[in-house]
Amino acid sequence: MEKIYNLFVPRLICEDLHNEMYQFVEGSEGWAYYDILGIIFILICFVSALFFYKIFDKASGNRTTAWLTQLIITAVINFAIAALWIHGRNGDPHNWDIETFFIFGFGIVNFTLAAVYFLIFSFIFKNISINNIHTPFKFPNK
Amino acid sequence: MAKLYLFGIGGTGARVIRSLTMLLAAGVKCNATEIIPVLIDPDRENGDLRRTEKLLNKYCEIRRYQKEDKQTGEKKPALSFISSKDRLNAFFKMPILESDFGINEPKPGFVMPITIVNGDKQSFKSHIDYDNLSEETKALANMLFSQANLDLQLEFGFKGNPNIGSIVLNQFESKDSVLKKIFTSFQPNDRIFIVSSIFGGTGSSGFPLLLKTLRKNWAMDKNSELAFSENVRNACIGAVTVMPYFQISGGDSKTMVNSQTFISKTIAAMDYYHKDIIGKEKDQDTSSCLNYLYSIADYDHTKENERNEGGENQVNNAHFVELASALAICHFMNKNIVQNDSEKHITKKMRFGIDSQGETGEIIYSNLARDTLEALRKPLTQLWLFSRYIHEKGGSEFNGTPAGSLFESSFFSEDHGFYKIIKEFLKEFDNYLYEMEQTRSFVPYTSHKDEDIFLRIRGVGEKKKRFFAANETGWDLLITQLNKQREVLKGQYPEERFLEIFYRGTLNSMKERLTDW
């Protein structure tokens, strides 16, 4: 996760935020904030895709619009978690000082990554689905 | 299991066989290896007869649909109907075979040709060669037949005159009768069933004559070289005799077909049957009796059939009594009959009844007795769901679902191919159900298109919603269940997969949605 964030955050968002996120979490034995946040995001995408393809496996869900809605919901959740988490660490007791503009930027990065992860999980789960094997993309006469 | 030789005599016979074809298409249990229906009616143009013949042909067309093998180019049957673990489909499973009516060359068909001397457009008078009869015989004929009887044109049948029918249909017995040809492959365990009405002309006269021919006359022919005649004579024979169940609009005592005479004709015929056909304990002569006699009637004559005295216009709406009569055929075949000599000559009499009926006289599934309900509800509803999906959603929409995407889009062509034939048959099935609503008001399904398809089955309960489950309803549930079956019979012909997917999908969706299925 660090490497993926490393591609975007220091160049596009803010070097300070990148440095803060690179710190190890106390008592975690070598886990950076990036790792923790990244795993949470991947889990959210995993659960969301699983929900869409196995639990909410309805005939009416066999539409690209339904899939797109689920993707956006997943991405927005990830955006919100990222932005609120960083915002919560500003000031006491953590003494982070990240500007709102960069918090928003970090949220956008997570929004985008969540969309990509959801897409990847979609291609995995669509094959075990009953009704949604054609979403997001249809391959006729398979 | 054994073959069933099924005779449908007259208009009622044809309509009951139509009902049976619908039941067999739905997969109603009938414990026969194959069914050989023979329609007997001198009125070859009769609308009821033609409609049943067409339906039987359509049924056979579906079963025999052939497909070109891509590798060898050889044509092979697309549907195998083999019984195996992965083949549950019961739609169209029962083989229905044509008889060969040709004397010198093969002439397969379902309608037995009836010869009326010197061509078809003959009066009864010329049939019996009245003008060349002796004066004494003429006087006897005048006693037995009215002038209207003698002048009756036979091209439209006997118009409710069994006294005429009993003369014309005597040709069953003739040595070169096509009837003998039908029975050439008759085996000892095969069974015979005769469907006729008791209040008309053709059925009420044809039934006793046919029975007498099968039981007595062939066997009595000492010169007979008919190896099968002994098997036929000893065969288990059942019959359903349909008593009055409808009225005909208009008409008076002067018209030939007149519902006022139905009851008196029935009483007269019953008296004859009682003496000659029904075997009783005191009888020792086992040769001419029936083994099973099913009787059915309906007292509700409030809805009338249009008056048509034969010909292509005589197309009566389907009636619940005909459906029940068709069930009698299945009941007869499903019975495990082991007869000992002491009871062989005793005719077992069966009757049909329903448990109740709605306030408006309508009949729904919950009004049926338990045995009838179990035999009928599941298969008929499966075929109905299949039909509704095909007509309300269509092949192109199915083609967009995961299960439907297994098929080439050309499979769903409306102009040719298997899908077209299936769709036509299902259209007939829809018409059949609609007709029954118009007559005795057997209305097991409503036609409200906006309603959940499963709640359109009347008198059923919904299953409770489950926590953390999709709880789908309506078309979505059916589509999900069809999609679940998309892996079945992989590698087989699409026609076979199509029927299998719909058979399983309809069955599972009903179990999922409704209680007591």
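Q: How many residues of chain B are in contact with residues of chain A?
A: This is a predicted model, in which local features need pLDDT of at least 70 and side-chain atom pairs count only at pLDDT 80 or more, while totals for chains, interfaces and linings use all residues. Residues are numbered from 1 along each chain as written, chains are lettered from A and ligands numbered from 1 in the order written, and side-chain values use heavy atoms, without hydrogens and water. With contact taken as heavy atoms within 4.5 Å, 15 residues of chain A are touched, and on the side of chain B the number is 17.

Q: Which residues of chain B lose the most area to chain A?
A: Chain B and chain A bury about 1,200 Å² between them, 51% of it on carbon and sulfur atoms, where buried area is the accessible area (1.4 Å probe) lost on being put together, summed over both parts. Three residues together supply 33% of what the side of chain B buries, and they are P402(B), S405(B) and R486(B).

Q: Where in chain B does F498(B) lie?
A: Its partner F407(B) sits in the loop between helix 14 (395-399) and helix 15 (418-438), 91 residues apart from F498(B); helices (H or I, at least four residues) and strands (E, at least two) are DSSP runs numbered from the N terminus. F407(B) has a relative accessible area of 2% and F498(B) one of 0%, so both count as buried (under 20%, with exposed over 50% and partly exposed in between; 1.4 Å probe, protein chains only). The element that holds F498(B) is helix 17 (residues 494-513).

Q: What is the phi of L489(B)?
A: Most residues other than glycine have a negative phi. L489(B), in the loop between helix 16 (474-484) and helix 17 of chain B, is buried, with a relative accessible area of 7%. Although L489(B) is not a glycine, its phi is positive, at about 50 degrees.

Technical notes:
Buried area is the accessible area (1.4 Å probe) that two parts lose on being put together, summed over both.
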